[in-house]
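Keep the structure in view while you read.

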Amino acid sequence: MTKPEIAQRAKELLVEGLRLEIAPGEIVETDPIFGSGLGLDSIDALEFVVLIEENFGVAIPDETVAKQALASIDALAEFILDEQRRRATS
Amino acid sequence: MLAARFAELRRARAGALAVLDTDGGRAFTRDDLAREVDRAGALLDEGGAAAPGGIVALQLANGAAFFAIILACWERDLVPMPVDHDVAAAALEDLCRVTGASAIVRASADGRTPAVRRHPVPGALATLPSGSALLKVTSGTTGEPRAVALTAVALEAGVAQIVATMGLEPGDRNLVTIPLAHSYAFDNVLLTLVHDGMPAILARDLTPRRLLAVAREAGATVLPTVPFVIDVLGRATQAGAVPSLRRVISAGAPLPAATRERFTATLGVRPRTFYGATECGGIAFDRDGEGDLPDGCVGAALDGVQLTLADPDEDGIGRVCVHSASVAAGYHAAPSRDTEPGEVELRDGRFLTADLGSFDARGRLQLVGRVREVVNLGGRKVYPLEIERVIRGVPGVLDVVVSGVARSSVTDALRAVVAAEPHVSREDIAAACEQRLARYKVPRSIEIVDSLPRTGRGKLDRRALDARYPID
């Protein structure tokens, strides 16, 4: 998957998985996902961590990594791409 | 009484682990914790907390200081009143005024060490029931907080019932994911430490992989938690096993069978449903932990608890009434609402809940709804739980609440708010209901959501639900 494809899929997961009342296209890729206008809380964050792990086969080991990885859709796509590359080379 | 019990445990094994705070990475032995208690006591004394019998409100996150303040209060015959972290400052102030709390303990500016603030006590106040050792705050059935007074005798009876029924042992270690200020964690974690020496491993980071790693490293054996945590852990299939884990307890909300089974498959331990109330502590528990536990079934009465059903109807459904030594002495400084229909009653060692239930052939309690949740559809009585059970059986459904919403002055309409996986549609839910329920029991309004609004206590937030999903 390319980075734009990953970003698109992540936005869909966010909207479908957390049942947001917006279209995936409305999410600004560089905006913060949590603690922002989307009104998501820590329970949503945990749910999203699990959804990302389930759908992209990546590991999010703790809150510190989760905060960085889930900072924005752009950061998340970058994180997933890095993880997948690392997995492919190891 | 409870402070003396902990002192005894300390004398017996001073170096045994008491609290492991995984956030700061600090481990407290019983000796270390006793030192924290001395420090907390000095803080209370310097802060001029109160004369014996006085009430001390505390609003602290999970940490060694929480245990220390409670024990320091008990050493001084003060009555601690833990208040949930998400209670706003104004609401805390109200609660202190109504109950007559003379001091408030909250985290200081550094967020870690507690600080004591005196609180003015107004004149004529209701006196605490004699022997009160703790005030537990409950949101009750109406959402308005009330303080429940418990004696040390009731607290000791309550923890003994839990330990005996759940088969807990002094060598067990609790993994703590729930706020100690809530009745459930207070009993299952704080009291099992103070009374039985069970160490508490405080998890701050609930990211599934981290939580499971902490459980593994710390050798956690018992996990008293809520269905949401059971759900995310059950889905963390690549996060590794926790070989030490042997008892998982689910309370606070119904545990869907699918969530239970997924967790069992992933971690090899079957979560057991636990039913309790702030007013009386533990009530029932999935004691066998095997076979198919029907939805709504909360297991059999705890050791030392007698359950009866008040005013049963022809189907054997009545209000759950709890008799045990752990029942609270009474509400403190709260007007009695006993005369209001459907209101809970607390008196003479008996707690009449607002839950409706019946017993199955094996003597297990089956909850069918709440007293106020019998929906009247043009004269026909409908128990929402019957409908919830059908909806919960639809693959992909995680959680559901069915309630009656006034449709006109004479009749209600049924509304189902269903938390489900994305592939589940309104039509799936409607079809399942039409297939298995009388036509009038099929909800008129079906909303699919990702999760149901819950309060900080894990209880369904009915106000948020009504505001968000009006029936049209």
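In this predicted model, 30% of the 90 residues of chain A are buried. What secondary structure does chain A contain? It has four helices and zero strands. Followed along the sequence, the pattern reads α-α-α-α.

Next, the overall form of chain A. Its C-alpha trace spans about 40 × 25 × 20 Å along the principal axes. Why does the radius of gyration of chain A agree with a compact globule? A compact globule with 90 residues would have a radius of gyration near 12 Å, and chain A has 12 Å, so the two agree.

Now look at chain B. How is chain B divided? Domain 1 covers 2-302, and domain 2 covers 374-468. Over C-alpha atoms, the centres of domain 1 of chain B and domain 2 of chain B are separated by 32 Å.

The core comes next. Nonpolar side chains tend to be buried together in soluble globular proteins. Here the largest nonpolar core has 172 residues. Which residues have the most contacts inside this core? They are B:Val56, B:Ala57 and B:Ile69. Helix H3 of chain B, residues 64-75, gives the most to this core, with 11 residues. Both domains of chain B take part: domain 1 (2-302) and domain 2 (374-468) each supply at least three residues to this core.

Zoom in on B:Ala57, one of the residues with the most contacts inside the core. Leave aside residues up to four places away in sequence. B:Ala57 then touches B:Met81, B:Val83, B:Leu92, B:Leu95, B:Cys96, B:Ala101 and B:Ile104.

Finally, go to the contact between the chains. How many residues does each chain bring? Chain A brings 16 residues and chain B brings 14 residues. On the side of chain A that touches chain B, helix H1 (3-17), helix H2 (42-56) and helix H3 (63-69) of chain A each supply at least two residues. Which element gives the most to that side? H2(A) does, with six residues. By class, the side of chain A that touches chain B has nine nonpolar, one polar and six charged residues.

Methods. Residues numbered from 1 in each chain as written. Chains lettered and ligands numbered in written order. Predicted model: local features only at pLDDT ≥ 70, side-chain atom pairs only at ≥ 80, totals over all residues. Contact = placed C-beta atoms within 7 Å. Nonpolar A, V, L, I, M, F, W, Y, C, P; charged D, E, K, R; others polar. Domains from an automatic or database assignment. Rg over C-alpha atoms; globule rule 2.2 N^0.38 Å. Buried ≥ 20, exposed ≤ 12 C-beta atoms within 10 Å, placed from the backbone. Core = buried A, V, L, I, M, F, W, Y, C linked by C-beta atoms within 7 Å.
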